[in-house]
Amino acid sequence: MELTWETLSENMELEPLVKPPVDRVQLVKYAGASGDFNPLHTVEEFARQAGLDGVIAHGMLSMGFLGQYLRHLLGVKGDILRMKVRFQRMVKPGDVLTCRGTVRTLRKDDRIAELEVAAVNQSGDIVTAGVAEVRFF
């Protein structure tokens with residue numbers, strides 16, 4: 001559902017976006033795209049030696065999902081001005097992340113909405129959360 005300024009209200013929950021399960025190919029592709037080749041994200045044995053159960057996704061991957069979520073919501077009716085997040089839990093291959101959002105405040109004078117956003121795993125744990133400002137045309 002593409003949002004419009006006229007349909008927004010404070011405390012409104014936004015339609016979620018469910019991402020497919022994170023997989024190892026995606027982690028390798030993200031490493032190449034981001035230039036982050038830390039073997040914690042792609043080499044199982046290295047991750048185990050570091051004390052993990054296995055490889056973990058890049059934190060910025062879940063942030064990228066939230067950026068995709070915002071673009072999905074806005075379509076061509078607005079721009080993402082700012083997004084600030086905190087990484088709260090590790091994401092592992094097989095995790096299904098759902099991006100969620102809530103309208104925190106609306107600034108009518110400049111058509112800017114402040115949104116709370118979060119990526120939540122299949123267990124209901126928040127893995128990445130923060131705030132975004134978006135402007136509607």
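A residue counts as partly exposed when its relative accessible area lies between the limits for buried, under 20%, and exposed, over 50%. Asp79, with a relative accessible area of 35%, is therefore partly exposed in this predicted model. Asp79 meets Arg71 in a salt bridge, and the salt bridges in the model number 11.

**Pair within a helix**
- Glu44 and Arg48 form a salt bridge in which the closest N and O atoms are 3.0 Å apart.
- Both residues belong to helix H2 (residues 44–49), where four residues, or about one turn of the helix, separate Glu44 from Arg48.
- Glu44 is partly exposed, at 23% relative accessibility, and Arg48 is likewise partly exposed, at 45%.

**Arg71 and Asp79**
- The N to O distance in the salt bridge between the side chains of Arg71 and Asp79 is 3.8 Å.
- Arg71 has a relative accessible area of 34%, which means that this residue is partly exposed.

**Pair between two loops**
- A salt bridge joins the side chains of Arg89 and Asp125, at 3.9 Å from N to O.
- This pair connects distant parts of the chain, 36 residues apart.
- Arg89 lies in the loop between strand S2 (78–87) and strand S3 (98–107), whereas Asp125 lies in the loop between strand S4 (112–120) and strand S5 (126–136).
- Arg89 counts as partly exposed at 49% relative accessibility, as does Asp125 at 27%.

Methods: Residues are numbered from 1 along each chain as its sequence is written. This is a predicted model: local features need pLDDT of at least 70, side-chain atom pairs count only at pLDDT 80 or more; totals for chains, interfaces and linings use all residues. Side-chain values use heavy atoms; hydrogens and water are left out. A salt bridge is a side-chain nitrogen of Lys or Arg within 4 Å of a carboxyl oxygen of Asp or Glu. Buried means under 20% relative accessible area, exposed over 50%, partly exposed in between (1.4 Å probe, protein chains only).
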